[in-house]
Amino acid sequence: PPASQNNEQGSTLRDLLTTTAGKLRLGSTDAGIAFAPVYSTGTPSGKSGRTMPNILDDIIASVVENKIPPNRTPKINVKSEIKDEPKDDRKCILDDSSKLYNDIQYSWICDKHVLWLRDHKNSNNWKLFKECWKQGRPVLVSGMHKKMNFSLWKAESISLDFGNQQADILNCKDSIISNTNVKEFWDGFEDVSKRQKIKNGETALLKLKDWPSGEDFKAMMPARYEDLLKSLPLPEYCSPEGKLNLASHLPGFFVRPDLGPRLCSAYGEYPSELEHHDIGTTNLHIEVSDVVNILVYVGIAKGNGVLSKSGVLKKFEEEDLDDLLRKRLKDSSELPGALWHIYAGKDADKIREFLQKIAKEQGLDVLPEHDPIRDQSWYVNKKLRQRLFEEYGVKTCTVIQFLGDAIILPAGALHQV
């Protein structure tokens, strides 16, 4: 509506522009403001002469030249601009964070590549997170399980409530998928005697992948869905209603990726295989959207042939770990549950080339259209990770995920678990 019909000035874009333009005095230099008014050269009647300036041009001009005195030209030292080294945002954050964010409990891990937010309750966490997220760096938030109803996430509780459901279970050792009752999977989660065996008598390494997922998760497990949502870290970004969660605010005509939530569960300890760490429950891959992964439960297996807790800790300690992660391993109140290897998205081409090279060395057929990352066909073991660093300069970021840890990965980051 025209401004005359609207009592509240500036309530529409048209009103805002009109009222702003009306307040600007042509050629005004008040308060050190100088702008060049733009005049039309003709009138509707065809007579030449000045008319009201073009509203948008005036406003833009006043903003662009704001606070530049009319009698002084801005001096730009082109030489100094060229000689200056590019600003290192990462260094700036590391240098300034202790001063700017002294009300936030945090540390840097993995050679200062990963931000660790140690207090999940701090409402200012998102401010420091934002600076790291701009650079596409992973973030770890600990203690999320303290906000959750722990009894909902126990293996026996899920087995009791949903044991009759059918799902695909993957044996990560031989890539064989079987469709079975999920009770069979959950009953072996902490009882070795009830675990599946493969042909040579070894315990299977089982994964119940993405069950349930998305709308199925919400419909099947409403209590757990609500418990998860209220416990998400950095709700400004991670909550479906978060003001900075752009995916949740896309118009309806966009085709969105599956944003979950989804439940990923795996288990199976076998001493002989742990010597080499050649098999993972999630092979190296890239997600198309940002991901937050919360470790809601860690089971302690009982029975013959299973590694003791000290044996598991020893295997973790053999990894190339940050000193702070080693310190967490020695803390009896912490419960480690998953080992992550993370790579920056910018290294994807180098990693792809490296894996194709290794495949050829092993006599495997490498087709031109084959993409080892997209196909999720590799778990990069310790020996290969060392070669990747020596031959391509790509360093692995190793993170141990403890009970209650949320790992937040930007889209494009490569990772295996």
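The model is a predicted one, in which local features require pLDDT of at least 70 and side-chain atom pairs count only at pLDDT 80 or more, whereas totals for chains, interfaces and linings use all residues. Residues are numbered from 1 along each chain as its sequence is written, and side-chain values rest on heavy atoms, with hydrogens and water left out.

The peptide bond between Trp211 and Pro212 is cis, with omega at about -20 degrees. Pro261 belongs to the loop between α10 (235-238) and β7 (265-267).

A positive phi in a residue other than glycine is likewise found at Gln376, with a value near 50 degrees. Gln376 lies in the loop between α14 and α15 and, at 33% relative accessibility, is classed as partly exposed.

Helix α15 spans residues 382-392, and its buried residues are Leu384, Arg385, Arg387, Leu388 and Tyr392. Viewed down the axis of α15, these buried residues fall within an arc of 160 degrees, so they line one face of the helix; the arc is that of the directions from the helix axis to the C-beta atoms. Lys383 and Glu390 are exposed and lie on the face of α15 turned away from its buried side. The elements that cover the buried residues include β10 (336-343), α14 (348-361) and β13 (414-416), contact being defined as heavy atoms within 4.5 Å. At the start of α15, the backbone nitrogen of Lys383 has a side-chain oxygen of Asn381 within 3.2 Å. Such a polar contact is a pair of N or O atoms within 3.5 Å; within protein, one atom must be able to donate a hydrogen and the other to accept it, and residues adjacent in sequence count only if both atoms are side-chain atoms. Following α15 comes Gly393, with a positive phi near 70 degrees.

β10, one of the elements covering α15, is part of an open sheet of four strands, with the order β8-β13-β10-β11 and antiparallel pairing. Strands are taken to pair if DSSP finds at least two bridges between them. β8 (285-286) and β11 (397-402) are the edge strands, each pairing on one side only. Six bridges connect β10 and β11 in the antiparallel sense, and within this pair Ile342 stands opposite Cys397 in β11.

Strand β12 comprises residues 406-409; Ala406 and Ile408 point one way, Ile407 and Leu409 point the other way, and all are buried. In a regular strand, side chains alternate between the two faces of the sheet. β12 pairs with strand β3 (residues 139-141) in the antiparallel sense over three bridges, with Val139 opposite Ile408. Strand β9 (residues 291-294) is also antiparallel to β12, and four bridges join the two; here Val291 faces Leu409 across the pair.

Key
Buried < 20%, exposed > 50% of the residue type's maximum accessible area, 1.4 Å probe, protein only.
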